[in-house]
Amino acid sequence: MSGVVEPIILAAVGWVASPLVAKLLNEGYLSLGINAEKKLEKMRDTVLPVLKSVIEKAEGSPHRSEVEGWLQRLKDAYDGAEDALDRLTYDRLRRKAKAAARSSSGKRPTNPVRSSSSFHVPKRVKWVIKGGRDMLSPRKIKLKVRLKKLKKIAGKAKDLSTLLGAQPETADSRQTFSVPPPRVFGRDEDRDEIIRRLKIEPAAGVPIPIIAIVGRPGVGKTTLAQYVCKQLRSELTDGQHFDPIMWVYASRNFNASKIMKDIIQQASIASKPQEDLGDAVVAVRSNLDAVAAGKLSSTEALRLKMNEKLNGKKFLLVIDDVWCDGEDRKENWDTLFRCLSECCCLRGSKILVTSQTNDAPRNSTVAPNGAVPVEYVRHLEDLAKNDFSDLFIHYALWQFDSHLREDFKEKCRTIAEKLNKDPTAAKMVGETIATKLANLLRSQGNLHAYLETIADKDWSGDKTKALMWSFRHLPAHLQRCFSYCRLYPRGYKFKALELVQLWMAQGFIKPGDPNERVEDAGDGYLNDLVSRFYIQRHNRFRRSSGTGKLVCYYTLHELLYDLAEKVTRSDCVRIEGNRRSQIPSTIRHLCIPADKLNEEEEEICKLKKLRTLIVTKGENVVSDKNVATGIFKSLKKLRVLLVSGLNLENLTKFISEMKHLRILQVSGAGEFVLPESVSTLYQLHVLEVENASSLPARLNDLVGLRYLRPSGIAEIGKLTSLQGLENFQVRNEKGYELEQLKNLNELRGRLRIDNLENVESKESAIAADLKEKKHLDSLQLVWHDGEDNVNSTLDAEILESLQLPPNLTSLHLDGYRGPSWPENQTSNIQELALRRCGMLEELPPMDQLYPYCRSLELWHITRLEALHTLPPRLQEFTIFRAPFLTFVTNEDLQLSQDDKRCIREVMRNRTQEWFQHQRKEDLVHNEREMRNFIAGMNGREHSNIVLPPMRILLLCGRDGWRRMSKNRINLQQTK
């Protein structure tokens, strides 16, 4: 395959003609100890102001090819200088690691001057000796040469500006901006008709009807479906129509099992507007919720779980972006609709789909007559001219008062006519214009002249022309970040952290504040792209124990993915399926299936400057152990290496040469040995490997590591930059003590501490200093191999001495053997789960200890007798094998004193009748009645237990509870 260079699109590499050049030059000169402020100040005054206007003028100019060639040279020089600076950073980290190793081993450091005396100094740079001995480093010489080259090429912008007649302009790449509140224009009639159709009751025996919204990409199908759901949710307060309303995203990568898992999770959430779910009462999980939906794999298991969740409910399921072309997708749809048609839901349940093709929702064969019952298809036409103009004006002029809005309206209507009635273009171009107008207003510029210029643009013929114009006005740092999303497959749902990590690895993120965490700056970039409509954010609430937690994922709209393909044509290539794609020699980022590596090996080996290699699972199994040998040997500039489904036996020979590597992720491979040479990748930020039979002994030298999986390495406490560490295992070995956590204060998210039975003293627990882990919000503490009937006061001392993180919201204890519960815990807990805590007999008043707790789980708490006041905000209470706990019903209040004392009779009567229903309204909520009853039953003066309005989950079924009740009676009699 040829390595022909694709024609360069000015917008694609335009980011390099920006202040990013000056920033790189500044970083490079600082690393060399050179004060280049005067040189850079001259560049900022004479070169930077014309960079943007040069690109603007080049469009449609006869000198366009000359500008393109200059941009490509500038980009190559930028990458070269960045690589040289990066290698210098690697050398600095390597020296630091070796010095630390010598210090820990007690060896005397070597003389740095003597150890470097063999370096050859070229004649042309001998003058640098005056700058200090380190200036003689060949790496520094190479960096200096490349910085000089970059500066020289950037300076050519002045000549080009003269040639093109480009005028300097003030750059404002990091300006703040805001967006108007979202509004829907011109879709009320469509919304009302769809809702009317949704409310029509189908005939008895008809499978769940489907209503389809069909239209071209970008016409507003998803927006209309959201508009429909918003209206229906507003009617839920009246107890009418659909409950629950669920939303799943299908896309081209549709998978029936994944969709069913999404349905199961969403059906578990109370029918409240999604934006309100954080405070909503979460629906009760039934007995099968003991097995999380995510662990179910077979279609039948998922069907049964989905049927359980939808049983007796009148639901609305929205499936967004349906594609049914190809046998594989059709088979997945058959599976999904067949499983849905077998659900025991209420008549009137409906499915609403959005699709680009008219026949997509029909391409399934689940109904008796051989077709899916598509009840109604709403063909979504383009917005009316006035509605579309109003939409554009809303985004372009929303910041101005009515007088200025009226003044600019006509010009904005002229611009709107050029946008092909594309709502996505209206939002993006409108936002770009609004930002520029706000700047002109502040600087007292000519707003009318600017709008006149835009009104003269020709955006006809190509749907992405207007989007491309908007992209060119995107700040340079955001251009790079958006373009990189091209490596994802079309329709892919990605999470914020995975994308931000990739941006970090490429050096795209430049925090404005030196104290700002890079990930936080990356989140800011992502939010900017969402606000500017380049990336779509989807909010979903996932259940975690009893609470609904907001989980965001992100996608690229179909038209924006087309834009990303165009602007990355010479920089990113993604090879999929059986399609053959050219691999230009200029590319820096490549995604390819594992079974295509042999076919493309020759071309890939030529890509000496490749920075990203993502190897995905192919359609065929790759058994050749040598398939990637030549490739890995050639690619020494990689910063990201993600490998799935490939034998990595030969990777170990070359991994140490990848000095620039930041991310190494390996999954879906057979068992392999992670080589010791990985410990020399000092710039590694993310190391996540599956099936590694052993880990290098000196991984703790990678002091810049931020995310690690698995975690079983000695002296992990040296990795003070760690932020992601899901599991820490305590061992009775040096280097694996609990104290290793002491300095890992950047940890955030979740942490599981395993094998706490190996902690020998409370001093070790204190030394772990968990109270300083301010970014942790979920903690799981696990003891193994403990005897439930052994009273371990040491466990109680350890738990009390751990001093939990102050911002913890989720706490799980498993295997704790202490008899008491420490009361000096954080009060922010929202989820509390106690499992296999066999010696606990009572808990302290939980309304005081955990006032914000919404979910309480008690599993295998076999001795717990007293449960005092419960948290006032408790929404879900899960009990499994807690035989001494007793609950009081309204019926129980009518029992005589003799019956109250006879627990056998109470339990015998209750298990036969009441636990068939487990209804909330049967429970006693009056505190005095509850106390009096339990006091009478136990023969005590009083007992303090209060049940707030909630649901109690008994995860054992009626027969299981009857057996547990008998055990409770027998234990009570033997006491």
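Student: Start with helix α4, residues 48-58. How many of the 11 residues are buried?
Tutor: Eight of the 11 are buried, so α4 is largely enclosed by the rest of the structure. Keep in mind that this is a predicted model.

Student: Which ones in α4 are buried?
Tutor: Leu48, Pro49, Val50 and Leu51 are buried, and so are Ser53, Val54, Ile55 and Ala58.

Student: Changing topic. In the largest nonpolar core, which residues touch the most other members?
Tutor: That core has 98 residues, and the ones touching the most other members are Leu613, Leu738, Ile753, Leu781 and Trp821. Apart from it there is another core, of 76 residues, which includes Ala425, Leu451, Cys481 and Trp503.

Student: What does Leu781 touch?
Tutor: Leaving out residues up to four places away in sequence, Leu781 touches Ile753, Leu756, Leu799, Leu802, Leu804, Leu811, His812, Leu813 and Asp814. As for strand pairing, Ile753 stands opposite Leu781 in β19.

Student: How do β18 and β19 pair, parallel or antiparallel?
Tutor: β18 and strand β19 (residues 775-782) pair in the parallel sense, over six bridges. Together with helix α25 (residues 762-768), β18 and β19 make a right-handed β-α-β unit.

Student: What about strand β17, how many bridges join it to β18?
Tutor: Three bridges join β17 (residues 727-729) to β18, and these two strands run parallel. Within that pairing, Asn727 stands opposite Arg752 in β18.

Student: Where is Arg748?
Tutor: Arg748 is in strand β18, which covers residues 748-754. Between Arg748 and His775 there are 4.5 Å in space, C-alpha to C-alpha, although they are 27 residues apart in sequence.

Student: What else does Arg748 touch besides His775?
Tutor: Arg517, Gln723 and Leu776, not counting residues up to four places away in sequence.

Student: Last one, Leu856. Buried or exposed?
Tutor: Buried, because its relative accessible area is 0%, and the cut-off for buried is under 20%. Leu856 sits in strand β23 (residues 855-859).

Student: Which residues does Leu856 touch?
Tutor: With residues up to four places away in sequence not counted, Leu856 touches Leu832, Met846, Leu870, Leu874, Glu876, Phe877 and Thr878. Leu856 and Gln875 are 8.5 Å apart in space, C-alpha to C-alpha, and 19 residues apart in sequence.

Notes. Residues are numbered from 1 along each chain as its sequence is written. This is a predicted model: local features need pLDDT of at least 70, side-chain atom pairs count only at pLDDT 80 or more; totals for chains, interfaces and linings use all residues. Side-chain values use heavy atoms; hydrogens and water are left out. Buried means under 20% relative accessible area, exposed over 50%, partly exposed in between (1.4 Å probe, protein chains only). Helices (H or I, at least four residues) and strands (E, at least two) are DSSP runs, numbered from the N terminus. A nonpolar core is a set of buried Ala, Val, Leu, Ile, Met, Phe, Trp, Tyr and Cys residues joined through side-chain atoms within 4.5 Å. Contact means heavy atoms within 4.5 Å. Two strands pair if DSSP finds at least two bridges between them. A crossover is right-handed if, with the strands pointing away from the viewer, the path from the first strand over the helix to the second runs clockwise.
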